[in-house]
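Me: I would like to learn how to read helix packing, domain contacts and backbone details in a model. Can we go through them one at a time?

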Amino acid sequence: MGNMKCIKRSNSIIILVPYPAQGHVTPMLKLASAFLSHGFKSVLVTPDHIHNQIVPKVEQNDKILCMPIPDGLDKDAPRDFFAIEKAMENTMPGHLESLVHQLDHHQDGDQVVCIVADLLASWAIDVANRCGVPSAGFWPAMLATYRLITAIPDMVRTGLISDTGFPKQLGGVCLPNQPMLSSEDLPWLIGTPASRKARFKFWKRTLDRSKTLPWLLVNSFPNEYCTNGEQQLDHHQLVKMNTQAQQPLVFPIGPLSKHTTIKNPSFWEEDTSCLTWLDKQNPNSVIYISFGSWVSPIGEAKVRSLALALEALGKPFLWVLGSSWLGGLPNGYLERVSRQGKVVSWAPQLEVLQHKAVGFYLAHCGWNSTMEAIQCQKPLLCYPVAGDQFVNCAYIVKVWRIGVKLIGFGQKDVEEGLKKVAEDAEMSNRLRKLNERTMGDEANLRAVANLSAFIDDQLKILTLGFSSNGVHDYDL
Ligand SMILES: O=c1ccn([C@@H]2O[C@H](COP(=O)(O)OP(=O)(O)O[C@H]3O[C@H](CO)[C@@H](O)[C@H](O)[C@H]3O)[C@@H](O)[C@H]2O)c(=O)[nH]1
């Protein structure tokens, strides 16, 4: 806005707009904290109901400014994907625009220099364009999933999917440097045909808007499609790949989950009694089960089946089950398993995964949970449910080989999964190596360098104007 030249970092405001869900707000907050440590002012914008939940946890120990905007939905109305989409397209843009004007030049010399928009909240890119503020995209998951979304036009052109996103051929989807996916695993194929069509439209709109972005910050690490050490593209090949690609320039700055300077801003109260319960269990004995925060209930029959399988196995388990899933438990179940297992509505997940008693993690393969499993070096039993989780699962099982996929929740299925993990003596080694490769000292330095490269490029654009799109030899 106005003349962007010669702005001091301490006067430069970066506005961050996450998609309003836990798995998006948490990494965005960590990114806000990283900008703060580079000398910028960070402002995190979320709808009122999320703002009220996270603000007491954030502002106590951080200088990140959290600002609420209304989403226009009734306080108790269900906030499903489509209700949120409507709010994001119709209500939130006007409020963000006012906020940008309010913050810009509010204090002496302050200027909004960038809006970082979660690509699932791509409406914020339009707001940035209207306000004349540069915008950067934020991709909260694997780069591989973003590449899958950007391959949509090619998939339509080659007849793999229809122009409304439905698979036209049975079998697999194979993209360069990606594991094979089933055509049913595409991220928009969720729910009824009408819902699939609407989600596909959502992704096409996201893609259209992201085409104008100069930069994309990705909450992942370089060389995703690599086992440990094999098939590593060297640095120069990667730089070439990135600079040959059209906009946006990709900066892998993750995984942000490892930034522990800022506590997870849980939307719900964490039940810490599970930690004392874990203290009483044998090392590596407990199965931890959680399906994240943003997955629709998998259905009562599946919950019941898993409940009975766990009971029959007789192994200790800790299960995060929200109220809308509890209905699937058989009558009297909680009393029956009270010595064997513990069920909580929300856990302090990172502390749970760090606990020595936890030996296995049965997960939906949400990206943050996947990274936390790698951070704590716990093997995964994968049960992907929706969206990017199938892509993540393919990497966990086929590329990194740090987990196995469960085909169902029968006793045999779970037993088989546990057996495969136990019999794979090398799995813990692979976990350790992947942990080092993605979160070790070298990886941390590279992530910091990549964020600095983005900042340098962004500042260059601020001082030279929008037309610049320089090529840099930064470390991917
Ligand atoms: O009892 C719990 C359960 C979860 N978590 C935390 O909640 C986050 C969950 O994130 P994630 O694993 O990414 O799952 P979702 O919240 O379901 O995330 C949505 O967003 C992710 C990022 O785009 C996608 O990868 C997922 O598929 C999508 O469901 C993690 O940080 C967990 O530590 C807790 O703190 N306590």
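Predicted model: local features only at pLDDT ≥ 70, side-chain atom pairs only at ≥ 80, totals over all residues.

Me: Which hand does the crossing of H10 and H16 have, left or right?

Reply: H10 and H16 cross in a right-handed sense.

Me: Which residues of H10 and H16 meet?

Reply: From H10 come Leu306, Ala309, Ala312 and Leu313; from H16 come Gln411, Val414, Glu415 and Leu418. By class, the residues of this contact of H10 with H16 are 6 nonpolar, 1 polar and 1 charged.

Me: At what angle do H14 and H17 pack?

Reply: Helix H14 (residues 367-376) packs on helix H17 (residues 427-439) at about 110°, and their axes are 8 Å apart. Angles of 65 to 115 degrees count as roughly perpendicular, so H14 is roughly perpendicular to H17. The crossing of H14 and H17 is left-handed.

Me: What residues form the contact of H14 with H17?

Reply: H14 supplies Met371, Ala373, Ile374 and Gln375. H17 meets them with Leu431, Leu434, Asn435, Thr438 and Met439. The contact of H14 with H17 has 6 nonpolar residues, 3 polar and no charged.

Me: How far apart are the axes of H3 and H7?

Reply: The axes of helix H3 (residues 81-103) and helix H7 (residues 193-210) are 12 Å apart, and the helices pack at an angle of about 35°. The crossing of H3 with H7 is left-handed. On the H3 side, the contact uses Phe81, Phe82, Glu85, Met88 and Glu89. On the H7 side, it uses Ser195, Ala198, Arg199, Phe202, Arg205 and Arg209. Here the contact of H3 with H7 divides into 5 nonpolar, 1 polar and 5 charged residues.

Me: Now the domains. Where do their bounds fall?

Reply: Domain 1 takes in 9-264 + 438-464, and domain 2 takes in 273-434. Their C-alpha centres lie 27 Å apart.

Me: How many residues of each domain are in contact?

Reply: The contact joins 37 residues of domain 1 to 23 residues of domain 2.

Me: What area is buried between domain 1 and domain 2?

Reply: The general idea comes before the value. Interface size is often given as the accessible area lost when the parts come together. Between domain 1 and domain 2, the buried area is about 2,500 Å². Carbon and sulfur atoms give 63% of that area.

Me: Turn to the backbone. Is the peptide bond from Gly254 to Pro255 cis or trans?

Reply: Read omega for that bond. From Gly254 to Pro255, omega is near -5°, and the bond is cis. Pro255 sits in the loop between strand E9 (249-252) and helix H9 (273-279).

Me: What is phi of Asn284?

Reply: Phi of Asn284 is near 55°. That is a positive value in a residue other than glycine.

Me: Where is Asn284 found?

Reply: Asn284 belongs to the loop between H9 and strand E10 (286-290).

Note on methods:
Residues numbered from 1 in each chain as written. Heavy atoms only, no water. Left-handed = near helix turned anticlockwise from the far one by under 90°. Helix = DSSP H or I, 4+ residues; strand = E, 2+ residues; numbered from the N terminus. Contact = heavy atoms within 4.5 Å. Nonpolar A, V, L, I, M, F, W, Y, C, P; charged D, E, K, R; others polar. Axes fitted to C-alpha atoms, helices over the stretch in contact; angles between N-to-C directions. Parallel < 35°, antiparallel > 145°, perpendicular 65-115°, else oblique. Domains from an automatic or database assignment. Buried area = accessible area lost by both parts, 1.4 Å probe.
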